[in-house]
Amino acid sequence: MSERRNARIKLTRRDFLTISGAAAAGIAFPSAIAAQAVPGPNKRKPNIVLILADDLGYAGLGVQGCTDIRTPNIDSIAKNGVRFTNGYVSCPLCSPTRAGLLTGRYQQRFGHEFNPGPESSAHPDFGLPLTEVTIADRLKSLGYATGIVGKWHLGYKPQFHPQKRGFDEFVGFLAGAHSYLPATEARMSGSILRGTEAMNEPEYLTDAFARDAVSFMERHKSVPFFLYLAFNAVHTPLQATEKYLSRFSAITDGTRRTHAAMLSAMDDAVGAVLAKLREIEAEKNTLIFFMSDNGGPTRQTTSSNAPLRGYKGQMFEGGIRVPFFVQWKGQVPSGKIYDHPVTSLDIYPTAVVAAGGMVPPDWKLDGVNLVPYLTGENAGQPHETLYWRMGANHAIRHADWKLVVERGEPRPRLFNLADDIGEKNDLSDKVPDKAKELDTLWQTWNAQLAQPKWVRQAASAQGPASGGEALQLRFRALDRNNDGKLTSEEFPRPQVFKQMDKDGDGVVTFSETQEHLRGPVTRE
Ligand code: CA
């Protein structure tokens, strides 16, 4: 396999950047030059360890400014590698972020725009669409042993199971949240699975995930491995054991103390993973990523996003800018702070290239290989523009400018993050041309996206919707700018749109939609 790859045209890192950037822009390259350099025959491919925290806010770690909870093990990844100060996820919620993370693509391109809600009320179509090729699929095809330990949240049905999506092994749970405590406690979302078999997990869940992660690395130490360790810490429910709670007797607030204990357990777990890498003498040849899947839900868990505005679920920085580090000794600098914006979508191409893979243009990735930027080989910035959309809420960051549209707010707000990291000063009146420029850029990106395949959790979690509720949900999902009217751009079927627009004013109101559905059904 690798000999065949070596026989192809070898590219420099700069070539790859050009190609991956062009691929993101949809520019076609002849397939031959999409080949990518691979390590020489005697150099073993690096292991890849992707550690994802859940609902850990921007200020949640010592190295990010947290003062009352020590996180030396997680911090060590930043200290031995690169800490991103402008590291973003592609959504402020769990499941869509994971869809982007594991595909390297904006998840709205394939309709994975919302959380699904619990299994009992999830939309029947929910699951990472089978059209998508995951990072695990790619690495597996490059000879990697692939394993996920932890939270999946990308589909409940058998066809969406992690072992159908490129992972050889799976220990964890399928839902968006899970109890941490053993069997005597009520489990939120069913049992822990080992593969497809339910098992009774006797350990505190974060400890159990550390144990299984270490076991995976031990069992696969003779081959390159990809470990996706997706903790549910520090997501609710707030549960910890005395072992960890006792470390924080000085914290009097009960919520904060439990959060601290849960985070401390995760830090221990990361410490166990790092210790195992040292033990199997793989520390140097392992590319390690650590990040959170979205900002902290501060009110519920105390996880802080300071100095950012907002929290989990919002398009303000507090929802989407997260702790994000990469360590790869000898390959990326140690102790470097990198300020240009980067995104969770970059992990996929960075890992695949590190593994000696190719990134052909037809993958249409939105992420780029970060390594040349971190080594200084490329002095430019990985992304001039980043985009977000979750229903009626959306945002765009273009250089230091950010335009934010939050549901219920009368108009888009414009901020300059260079001198207003807390998004306090809305400049949309002062520099309307800049607001317009960003809006135009966002609209161009938005026009490339698919319709959501299911609606958001809050709506679907209310249970099976009645006919009227279902129509409202569908209407709101289509009504991207939340103005209560559908335009022909928002409604994908022109013939039906024309029929629905009874008064012919070019927009369709909700009552026109109802009226249309009451009348005889006319097909396109
Ligand atoms: Ca989350």
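**An enclosed helix, an open sheet and an exposed lysine**

Helix H11, spanning residues 347-354, has eight of its eight residues buried, so the rest of the structure largely encloses it. This is a predicted model, and the buried set in H11 runs through Ile 347, Tyr 348, Pro 349, Thr 350, Ala 351, Val 352, Val 353 and Ala 354. After H11 comes Gly 356, with a positive phi near 85°.

Next, the sheet. Ten strands make up an open sheet with mixed pairing, and going across it the order reads S7-S6-S5-S4-S8-S1-S9-S10-S2-S11. The edges are taken by strand S7 (197-199) and strand S11 (336-338); each has a single partner strand, so one side of each is left without a neighbour in the sheet. On average, neighbouring strands in this sheet are turned by 15° against each other, direction ignored.

One pairing can be looked at in detail. Strand S5 (residues 169-173) and strand S6 (residues 192-194) run antiparallel and are joined by two bridges. Gly 172 has Leu 193 of S6 as its bridge partner.

Two helices that lie across strands of the model come next. Helix H4 (residues 94-103) lies across strand S1 (47-53), strand S4 (145-151), strand S8 (225-230) and strand S9 (286-292), and its direction makes an angle of about 170° with S8. Helix H6 (residues 205-219) lies across S4, S5, S6 and S8, running at about 180° to S8.

Is Lys 79 buried or exposed? With a relative accessibility of 53%, Lys 79 counts as exposed, because the cut-off for exposed is over 50%. Leaving aside residues up to four places away in sequence, Lys 79 touches Ser 334 and Gly 335. Lys 79 and Val 326 sit 247 residues apart in sequence, yet their C-alpha atoms are 9.6 Å apart in space.

Definitions and conventions: Residues are numbered from 1 along each chain as its sequence is written. This is a predicted model: local features need pLDDT of at least 70, side-chain atom pairs count only at pLDDT 80 or more; totals for chains, interfaces and linings use all residues. Side-chain values use heavy atoms; hydrogens and water are left out. Buried means under 20% relative accessible area, exposed over 50%, partly exposed in between (1.4 Å probe, protein chains only). Contact means heavy atoms within 4.5 Å. Two strands pair if DSSP finds at least two bridges between them. Helices (H or I, at least four residues) and strands (E, at least two) are DSSP runs, numbered from the N terminus. Axes are lines fitted to C-alpha atoms, for helices over the stretch in contact, and angles run from 0 to 180 degrees between N-to-C directions.
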